[in-house]
Amino acid sequence: MKKLLILFAFVFMISSASALVVNNASYNSTTYETAYETFIVNVSWDNITYSSIAANFIYNDNSYSTTQSSIGNTSLFSYSLDIPLNLSGTYYTSQSSANESGGGYFNYSKPATSTYSANATFSSACGPHGQISIPQTCFDYYSDKIALQTDTTGTPTVRLFCQNSSGFSIIYTSAPGCNTPVINSVQWTTYNQTDFQWNFYLNGTNTDNSSIYQQVVQPTTFGLCSATNNVPFVNFTFKDETDLSSINATIVSGTFEYYLGSGTITKSLSFTNTTENPSYSFCSSPSDRNLYVDSYIPYASTNYPQRIFNPSVKTYSSSVSNQILYLLSSTDGLYVTFQVINAAEQSLQGVFANATRSISGTETLVAEGTTGADGGITMWLNPDVIHTACFSLVNYNIFCTTQMFTQSTYTISLGGDAGNSNVSDYQTGIDYSFRPTDSYLSNGTYYLFNFTLSSSYWALDSFGFNITNGSGSLLASNSSTSSSGGDILLNVSTGQNSSFYITYYWIVNGTTTQSSRSYLIIDLSDTSFSIANLINRFTGYVNSDPTFFGLNDFGLGLLSFLLILVVTGTIKTKYGLSNAAALLGVIFGLVAFLDVSLGVIPNPIGAVSNFPTIMTGVLFAGFLFKEVFK
Amino acid sequence: MIVVFLAVAYFMFGMIVYQFLKPDIAIQRDSDHLNCSAAMDWGDMGICLVLDGVIPLVVIGILSATGGIITDKIFLP
């Protein structure tokens, strides 16, 4: 027996030593709705052989693949997410049956299998009924309604129902005598405790799961400050933009979308107060975190037409932000309608427009909105003050104008439709030059190539240029990463290349814009402009295929004969040269030039080279001897 | 003596001026234009020969002019 126990313990130890050990899987900090949190688990192992390890993070019954990093024998898995909202719902008023009047029901939505407990507070004409705890059983049944009604049978009472597998059950009954049929308010407050777990996969198989942990998620709130929500984040006040006097104003149908994390999950608040107040102070919870708020606030006052405050998402904290909203008196303003059209004079819908003016030295937004289907937008502006109005639409160049708007209608034409592509004009603000500016270079010479570029609009990723020769071989290149441009130099020899091809470029936002130019490299030495070069060229053309003007040997010989005849005849006639030896000398010179230099006099077959020249030379020598010794 | 100076001046001016013809002639003879080294067309061949003869003729003309001035004024009074 003892041996058996020892054996069992040994086996157990081996098994235990081979187990995956999960560490630090819980997330103990309290978090809040819409916050962005990272959950981390640390696992280590002994005596386990595997080729892959992975983990899934289960949160609120949703499974997520995690990111793994390893440190020695420890694997770290993490997952980040925006914390979903707690139980939420809408209270609807309704009358359910003849025996029940007034009341309504709370229509809620919840993720499945999570642990909930909730409190409801409501009041009727009988006064507040205190806080009623809603049991878990109300949330476990696949239904989404908790009813609140007044039972008018017998002595009227107020009752709270919830639906479970048995039907509706009463979870609260007020004291008798509450015979007012109307439930006039209900405050549904909840807190949530969400479950999460880690599942581990070795070699693709789920081998281990962590414990199920419970995460407390406190609600994130944003609303008008009250006794229960008393940490102010932003305070809105109102002033006359002309004399900067304080004004009482209303906010009608204002909306606030707010969140703590990345904005993937948000909460919203609708706010209306038709009573003119000097200020509206909004508080938020939790007080130790930044709250991101996207506001849409229509505000107005008596004798002050409505304006809308609709900025981009703002960050608020417990360090209170004071936001002054400006109104313009009906006696100081003018409705100015901007009609926005394109180059084809078609109305443009959805153009974002705003107007700003200087108030106390600060450019302040006083109007904004988007154009309607008619392409128009109307703003309440002071015609005696300079405003800057800007208009922007995707695929169109932004247009701004700064002036006094004294007319009731203005037409704004947005030009430069960039089409449906997302290509930007990366030549805007780009100024460049390339030297040398000559179209040709001398061979065998060093030149300093200089590319100068300046960018006044775009921030350059890089810019530079390449030099390639006529064969396409890269000879040199240089670049710079200066965001505003500069000079780039290269000292390169032309060598024996026949041409240089320069490609210069700049890169903005990963997009390359380039241009090019070429240089002809020529030999300016005198040997290429010599008489010998001319003779060689002529000889080459004569011997080429096809021959020069299609002349064959006979044709060239005939032309040579005619040339000799004409030149000799001209000399004799013009200058009276009649001596035979002298004429033969002229003929000999011409024959030698045409035969030896140009090679255009055909040689008899089998004769020695330059036979015509030799024969003519012999004749010339004979006549000269005769003249000398005559 | 003035004639000699005049002739020398003509020569120097001519030697400077003819240099300006070289790049244009070289560009025209290049492979991107007439491609004289591999001309196939008779007209191109003719023009190439003319271009090749321009500089020699200009030099000969300059030398002839200066030589003629000197010969005419000095050796042939």
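Buried means under 20% relative accessible area, exposed over 50%, and partly exposed in between, with a 1.4 Å probe and protein chains only. This is a predicted model in which local features need pLDDT of at least 70 and side-chain atom pairs count only at pLDDT 80 or more, while totals for chains, interfaces and linings use all residues. Residues are numbered from 1 along each chain as its sequence is written, chains are lettered from A and ligands numbered from 1 in the order in which they are written, and side-chain values use heavy atoms, with hydrogens and water left out.

**View 1. Salt bridges of Glu241(A) with Arg307(A) and Arg357(A)**. Glu241(A) and Arg357(A) are both buried, and Arg307(A) is buried as well. A salt bridge is a side-chain nitrogen of Lys or Arg within 4 Å of a carboxyl oxygen of Asp or Glu. Between Glu241(A) and Arg307(A) the closest N and O atoms are 2.5 Å apart. Glu241(A) sits in the loop between strand E19 (232-240) and strand E20 (246-247) of chain A and Arg307(A) in strand E25 (residues 304-309) of chain A, so this pair ties together parts 66 residues apart in sequence. Helices (H or I, at least four residues) and strands (E, at least two) are DSSP runs, numbered from the N terminus. In the salt bridge of Glu241(A) with Arg357(A), the closest N and O atoms are 2.8 Å apart. Arg357(A) belongs to strand E29 (residues 352-359) of chain A, so its pairing with the loop residue Glu241(A) links parts that are 116 residues apart in sequence. Shared partners join Glu241(A), Arg307(A) and Arg357(A) into one network of salt bridges.

**View 2. The salt bridge between Glu33(A) and Lys267(A)**. Over all chains, the whole structure has 6 salt bridges. In the pair shown here, the closest N and O atoms of Glu33(A) and Lys267(A) are 2.7 Å apart. Glu33(A) is buried, at a relative accessible area of 3%. Lys267(A) also counts as buried, at 18% relative accessibility.

View 3. Contact means heavy atoms within 4.5 Å. Leaving out residues up to four places away in sequence, Thr503(A) touches Gly464(A), Phe465(A), Asn466(A), Gln514(A), Ser515(A) and Ser516(A). The C-alpha atoms of Thr503(A) and Ser518(A) are separated by 8.6 Å, and these residues are 15 residues apart along the chain. In chain A as a whole, 61% of the contacts with a separation of 6 or more are between residues 24 or more positions apart.

**View 4. The contact between chain A and chain B**. Chain A gives 22 residues to the contact and chain B 23 residues. The area buried between the chains is about 1,900 Å², with 70% from carbon and sulfur atoms; buried area is the accessible area (1.4 Å probe) that two parts lose on being put together, summed over both. Phe529(A), Arg537(A) and Tyr541(A) supply 33% of the area that chain A buries against chain B, more than any other three residues. The count between the two chains is 1 salt bridge. It joins the side chains of Arg537(A) and Asp52(B), at 2.5 Å from N to O. Strand E42 (511-522) and helix H3 (531-542) of chain A are the elements that give two or more residues to the side of chain A that touches chain B. The largest share of that side, 6 residues, comes from H3(A).

**View 5. The largest nonpolar core, around Phe538(A)**. A nonpolar core is a set of buried Ala, Val, Leu, Ile, Met, Phe, Trp, Tyr and Cys residues joined through side-chain atoms within 4.5 Å. This one has 27 residues, and those with the most contacts inside it are Phe538(A), Tyr541(A), Phe548(A), Leu594(A), Leu598(A) and Val600(A). Elements that each supply at least two of its residues include helix H4 (553-575) and helix H5 (580-597) of chain A and helix H2 (21-29) and helix H3 (42-75) of chain B. The largest share of the core, 5 residues, comes from H3(B). Apart from neighbours within four places in sequence, Phe538(A) is in contact with Phe548(A), Leu598(A), Val600(A) and Leu49(B).
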